[in-house]
Structure formats: structure tokens, C-alpha cells
Amino acid sequence: TLIVASAVSLGSTAVPLFLLARWEWRSNGYALCFGLAFLLFPAAQHEVSSFSFGFQAEVMAIPFLAWACYCMRREWWKRFWLFVLLVLCCKETLAAVVLGMGLCVFFVQKNRKQGAAVAVFAVVWILASTKLVLPWMKVVWPSNEVLLDATGSKSYYQLEQFFGHLG
């Protein structure tokens, strides 16, 4: 059921991409082509058809990222924050993407207040999750299973290599 949910989730990404393209280009035809291009993109199809890798939390975050981008361009800040929070709930390392969105809001859209808030929130999120939550989980559940995410990769180990010793 998680694989079906990820396929539906990934397919639903075409909706915010269509709306974003229609907003930017003011054309239903271009927007439709943009949404279809995403659905026909080989990497997106690979995520849906590669059941051998199992469920991946990052796939669930893709539509939330697309909705966050749409809300960011429309300057619907309450909705934007909701989708940012949903993205961060999918996987802690996606805070780097949210940080990039904050910088985009700050520098491209020239909304200094929202951009700085998003960037600071993303940095606090990644630090809290890697310095507090993951080490706490390692102490509470000391088995190696905690160090493996749904794909079987050692994301905690990778974070530790990047940030240094986390606990």
C-alpha cells in the first residue's frame, strides 16, 4: 500500500506543476505541456515502476514541494508554511531543499522577512533533527535498525560524515 501511495503521490505532482506553469506563463497549453512533461519524465516513471527499492519517503515529499513552490510564487504564505512543514515531516534531510526555497524567497522574490524565516527554520530543523532527535533515537533504540531508513541506506551515518559526530 505504501508503494501505491507513493505512485499516487508522485502522479498528483502534475496538478501543482500545471497550476504553477499556468500562473507563470498565462497559458493553459504551455501549462498542460509542462504537467505532461513531468509525468512522462523517465526519472519520475522510474520512481513509480521501481518497486525493488521499496518505499522512499522522498517521493512523498515531491508533491508537497511542488505545492510549496506554487504557494511561494503566489505569495500565499500560510499555505506555503503548511507545505514546508509537510515536506520536512517526510525526511529530515529535505531541510536543505527548504533552505534553498528560503533563499529563493529572500533573493529572487525580495521578500526578506519570509525568506529569512524559512531559511532560519530550515537550519533549525536540520540541526534539531541531527543533533537532538536522531541521537536521542540512537540511545532509546540502540539497535542498528534505527540507523537505516526505509530504503535500507544509512542516512544517519551519511549525516554524521557530513556534520561530524552527532551525539
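Colour by secondary structure and follow the chain from the N terminus: the elements run α-α-α-α-α-α-α-α-α. That comes to 9 helices and 0 strands, where helices (H or I, at least four residues) and strands (E, at least two) are DSSP runs numbered from the N terminus. Keep in mind that this is a predicted model, where local features need pLDDT of at least 70, side-chain atom pairs count only at pLDDT 80 or more, and totals for chains, interfaces and linings use all residues. Residues are numbered from 1 along each chain as its sequence is written, and side-chain values use heavy atoms, with hydrogens and water left out.

Still on the whole protein, buried residues (under 20% relative accessible area, 1.4 Å probe, protein chains only) make up 36% of the 167 residues.

Next, select residues 57–74 (helix 5) and 95–107 (helix 7): their axes, lines fitted to C-alpha atoms over the stretch in contact, are 12 Å apart at an angle of about 10°. So helix 5 is roughly parallel to helix 7 (angles under 35 degrees count as that). Show side chains: Leu 65, Ala 68, Cys 69 and Met 72 in helix 5 meet Val 97, Met 101, Cys 104 and Val 105 in helix 7. By class, this contact has 8 nonpolar, no polar and no charged residues.

Last stop: Gln 114, in helix 8 (residues 112–140). Is Gln 114 buried or exposed? Its relative accessibility is 16%, so Gln 114 counts as buried. Beyond neighbours within four places in sequence, Gln 114 is in contact (heavy atoms within 4.5 Å) with Trp 77, Trp 81 and Val 105.

Key. Buried means under 20% relative accessible area, exposed over 50%, partly exposed in between (1.4 Å probe, protein chains only). Axes are lines fitted to C-alpha atoms, for helices over the stretch in contact, and angles run from 0 to 180 degrees between N-to-C directions. Angles under 35 degrees count as roughly parallel, over 145 as roughly antiparallel, 65 to 115 as roughly perpendicular and the rest as oblique. Ala, Val, Leu, Ile, Met, Phe, Trp, Tyr, Cys and Pro count as nonpolar, Asp, Glu, Lys and Arg as charged, and the others, Gly among them, as polar.
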